[in-house]
Amino acid sequence: MHSRRDFLQKLTASAITLPFLPNSTSLEEFYSKPYDGPVLRVAIMGLGGYGSRVAEAMQSSKMAKLVGVISGTPSKIKDWQSKYKIPEKNCYNYENFDQIKNNADIDAVYVITPNALHHNQVIRVAKAGKHVICEKPMAINAKEGQEMVEACKKANVKLLVGYRMHFEPHTLEIVRMRKAGELGKITFFQGLSGFKIGDPSQWRMNKQLAGGGAMMDIGIYAINGSRYMVGEEPIWVTAQETKTDPQKFKEGVDETITFQLGFPGGAVASCLSSYNINNLDRFFLTGDNGFAELFPATGYGPIKGRTHKGELNQPIVTHQTVQMDEMAAIILQGKQPMVPVDGEEGVKDLKIIDAIYAAVKSGKKENLKL
Ligand code: NDP
C-alpha cells in the first residue's frame, strides 16, 4: 500500500520548484503539508490491471479520493469494497451505472476499460452529469473522440484523458527547456514505443475491443510525445507496416509500424510502434543548440533522462498519484496544466492515428489538419 511517507521517500530532491499544485507550490511542499481543500470523489470503471494501479496510487493523492466502482465482476466489487472502504451505494455495473446521476457523493468517473468501449461509456457518464477521465486512447478513431468531446460539452462536464506523462517531472523539465529556447530551433524528434506482447487471446489483440494493435496501445505515446516535445502540431505523416506474424497479429491488429511526421517549423519526427520489439521506450529531441533524451521515457518509472547540460535529476514520483491530484485541480479549480490533457488533446492523437493507418494503406504522405 502507498502511504504518503512511501510517496515522499521517492522524492529525490528537496524544494524543487515545478508547476505543481496548487498555484505553483513545489511538489515536495504540496505532499508534505496537510491539505484540507476540496477533494474530487472518483469512481473507477473497469477494475482490471491499470484500474488497480490507479486505485493503489490514488491512496497517496490528496485532492482525489476513490469512492466508487463500476464493474462487470461482482467478486472484484466485493474485494475493492473491503480494500478501499467503498459503500454499497457507490457500486455499479455496466447495466445500471446511468443511475450514478442520482448519487451526490460521486463527482467523476475514471473509465479504464478496453479502448473500443470508452466511446459509449464516456457518453453515458457525461449524460449522468459526472466529469470523466478516460484512459488512452480515448476512442478508436477521431470521429468517436469528437463525439465524446461534444457530449461532455453538452452535459457541461469536463473530459480529461489519462495522459500521465503530462505531469511527469523529467518530461516537464524538457518541455520547459524547449519552451525557454534552451535547445534552440527544434529540428528532430525520435519516439520509440513498444514491447513484445504475450497472450494472443487478450483484448489488446482483438480489433473489436482494441481498435487496432500496437499503435492504439503504445504507439500513441510516441505520437503524443512528438507533439509535446516538438511543441507544434504535425502537418503530414507517412507510415509503413511490417508484420512478421500474421497468425498472431490478425487483420486490423498492427504489429510494427514505422512512421514519420512533419511539423510546420521544419522539424521532422521518426517513430516506431511495436508489439514485437522489447526495450522500446525512448524519446530523443534535438535542436540547433542542445538535445534531450528520456530512456525510459513513458514506463511507470523511474523515468531517466539527460540533456546537453547533463543528467536530469527531477523527483521520482508515482505517476498516477500526481496525475490524480493534478486532474482534481483541473476539474475543481480550473487549473491549466503545462501540457493539455483535455478531450481535444485526445482527438488530435486519434486524428494522427487515423492518418497513420491511411498512410499505411495508401503508401502516400497524408496531410494532417489538427
Ligand atoms: P485489463 O484487461 O487489465 O482491464 C480491463 C478491465 O475492463 C477488465 O478487468 C474489466 O473490468 C473491464 N472490462 C469491461 N468490459 C470488458 C471486456 N469486454 N473485455 C475485457 N475487459 C472488460 O486492461 P488494462 O487495465 O490494462 O487497460 C484498460 C485501459 O487502460 C485501456 O484503454 C488501456 O489502453 C489503458 N491503459 C493505460 C495505461 C497508462 O499508463 N495510461 C496503462 C495500461 C492500460 P471489470 O471486471 O471490473 O468489469
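Start with helix H5 in this predicted model: the elements covering its buried residues include E1, E4, E5, helix H6 (142-154) and E6. Select H5 itself next. Seven of its 10 residues are buried, leaving the helix mostly covered. Show their side chains: His 118, His 119, Gln 121, Val 122, Ile 123, Val 125 and Ala 126 are the buried ones.

Step past the end of the helix. Gly 129 follows H5, and its phi is positive, near 80°.

Now bring up the sheet. Six strands form an open sheet in the order E3-E2-E1-E4-E5-E6, with parallel pairing. Select the edges: strand E3 (91-92) and strand E6 (159-161) each pair on one side only. In general, strands of a sheet pair through backbone hydrogen bonds, either parallel or antiparallel.

Zoom in on one pair. Strand E4 (residues 108-111) runs parallel to strand E5 (residues 131-134), and four bridges join them. Pick Ala 108 there; His 131 in E5 stands opposite.

Last stop: Gly 198. Look for this residue in the loop between strand E7 (186-194) and helix H8 (207-210). Gly 198 and Pro 264 lie 66 residues apart in sequence and 39 Å apart in space, C-alpha to C-alpha.

Technical notes: Residues are numbered from 1 along each chain as its sequence is written. This is a predicted model: local features need pLDDT of at least 70, side-chain atom pairs count only at pLDDT 80 or more; totals for chains, interfaces and linings use all residues. Side-chain values use heavy atoms; hydrogens and water are left out. Helices (H or I, at least four residues) and strands (E, at least two) are DSSP runs, numbered from the N terminus. Two strands pair if DSSP finds at least two bridges between them. Buried means under 20% relative accessible area, exposed over 50%, partly exposed in between (1.4 Å probe, protein chains only). Contact means heavy atoms within 4.5 Å.
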